[in-house]
Amino acid sequence: MSNVRLLDAGTINKIAAGEVVERPASCVKELVENSIDAGATRIEVEIINGGKSLIRVTDDGSGMNREDVSLAIRRHATSKLSSVNDLQQISTLGFRGEALPTIAAVSKFTIQTRRADNELGTKIKIEGGKNVDLHEIGCKVGTTVIVEDLFFNTPARLKFLKTTATETGKIHDTIVKLSLSRPDISFKLINKNAVLTTPGNGKIIDTLSSIYGVELTDSLLAVKLAEENFKLSGFITKPNFLKTYRHWQTFIVNGRVVSSKIISKAIDESYKSLIPKTGYPLAVLKIDVPQNSIDVNVHPQKTELKFEDDGKIFQLIYRAVREAISEKNAYNPQEHDLKNIAVAPDKPRYEPLNLDDIKPKKIFSPKPDPKIDDKPASFEEFTIFDDELPPPEEPPDFLNETEIFETPPEIPQPKIFDDEPKNFDKSTENLQPLGQINLCYIVAQGGTDLYIVDQHAAHERILFDKLSNYAGTIPAQQLLIHRIFKCDSRETRLLENNLEIFSQLGFTIEPSGENEFRLIEIPLDAADADADSMFREIISALPEDSAAEIDDERRADIAANIRHAVLAITACRAAIKAGQELDLQQMKSLLKDLSKTSHPHTCPHGRPTIIKFSKEDLAKMFKRT
């Protein structure tokens, strides 16, 4: 008896559903793309419970007659291909004929549709892949698809879905990208109430404004490039308008929303040295290339494609984006202080040393230690000892914090050198500052060792530990002028679900309108002038899960993650900046406070605060051994 057998149609459809319908957002994408292919000008999507309980997609497209809808629910039945040669010239979003039957195989599925030349429409109901009902019905021209109890008969797939808030966010992102690809179509997303509505007037600027707020338009830069067989258009944002997640970048190739590492890499390279490594600009890029130069038949979800010449596409996009950023008057660095953004180049750049330009300068150093054998001989005439220095000025208030707090939660610590024990010792407790380099780094001596300290990262660690060790609510200061923030639906949902946590962290926020919030108070140590950008950065860093819809243990984890993210950003924004001049007494106070923290060798984001060069390291570098 043979061990090889043919699978039945039901099992085949369930297997296919695992590729096509990964989650509710995948289902929404397939149904909306069908509506677009049907010529719809208005598409409405309603969801309940993150799409797990209900997905309803209604359009005013061409609709189907009874014969067409009966065939559409069968696998590999499509109106968009007639032969294999058509795969080279696909102009529709769907073409596989898999979406409807696979969705119907794992849900309670209903289609109601009518063509304009038919008096009556057709309604068909399917449950778990089996036809339950088919009859005529009176309805509007167009199609309505209702998907209920998604994955009800595949509990393993249902178990691995994320929380309702996460699945809702994925659906929202899907509709956003599709609406940006087709600004001529009016989209509406309903989750209890309308959370997203686009005008459908064909203007991408109006679509962007309806999604992200009118404030975005002031930061937009147009991208245009037209060459033989290649056309690029769209918008990017100035380097001052960033978020910490990449999914607000939308790439449209021949009308299809796609994910592309080549395009993402080209944008990243274009902004290199202008933005921090964790920031991403908005990008909506529409690319038109010959259809036969791409392959969209790579994955059942059709979100990936292959270019015939990746290198050429990379170069063209890089050039176009770089030109948009570099346009005269497109970006004024005087309007936005970028000195706080420290982005290290991939390779250090060295210039030849011109000895004629060197002028004698006073060198400040501690008195020589008679216990040290290797005493400097030829530099003594340039040395001024501590007792010859003028009395130091009083250090500013932010350097006077000397309290010792309880140990904050452990965070990952990066290694500075391979030999970790050598570089993490208690000699940092009595560092003596020697001066500043580039108004950014403090050079200090500890015993026979040399230390270089990042002044911003060091003060960031001090403030973070101070904020972390408040037992209750962090003290707050009221803003003289309240800040009003326009948010998209994702940000609104995150803020509404976490208002109590924000209040405990020193941020008093209250709703002031639809998708609008008023910031009234900020933590005492935060800078008032930096409140806007600080709060925007905090919103971008919030985790997707909603603390209101999960169990107590997971809620505590999310609250802890939010607390760490908010305090890290607050400390970063309030800390002294690169480019700020410090005198020796201020440096000494900063190093003293840093030595009292629990993790003096890294900032809250994991960057090193101190780099150590031992006597042996210096001797090796100068080839004295």
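**View A. Pairing of β20 with β21 in the predicted model.** Strand β20 is joined to strand β21 (residues 441-446) by 5 bridges, and the two strands run antiparallel. Within this pairing, Q432 is found opposite Q445 in β21. The coordinates shown here and in the other views belong to a predicted model.

**View B. The open sheet that contains β20 and β21.** An open sheet is formed by 4 strands in the order β20-β21-β22-β26, with antiparallel pairing.

**View C. Helices α11 and α16 across the strands.** Helix α11 (residues 455-468) lies across β20, β21 and β22 (449-454), and its course makes an angle of about 75° to β22. Helix α16 (residues 584-595) lies across β20, β21, β22 and β26, running at about 115° to β20.

**View D. The open sheet β23-β25-β24.** Here 3 strands form an open sheet in the order β23-β25-β24, and the pairing is antiparallel. Strands β23 (476-486) and β24 (508-513) stand at the edges with a single partner strand each, so one side of each lacks a neighbour in the sheet.

**View E. Pairing of β24 with β25.** Strand β25 (residues 516-523) and β24 pair in the antiparallel sense over 5 bridges. Residue E510 stands opposite R518 in β25.

Methods. Residues numbered from 1 in each chain as written. Predicted model: local features only at pLDDT ≥ 70, side-chain atom pairs only at ≥ 80, totals over all residues. Heavy atoms only, no water. Pairing = 2+ DSSP bridges. Contact = heavy atoms within 4.5 Å. Axes fitted to C-alpha atoms, helices over the stretch in contact; angles between N-to-C directions.
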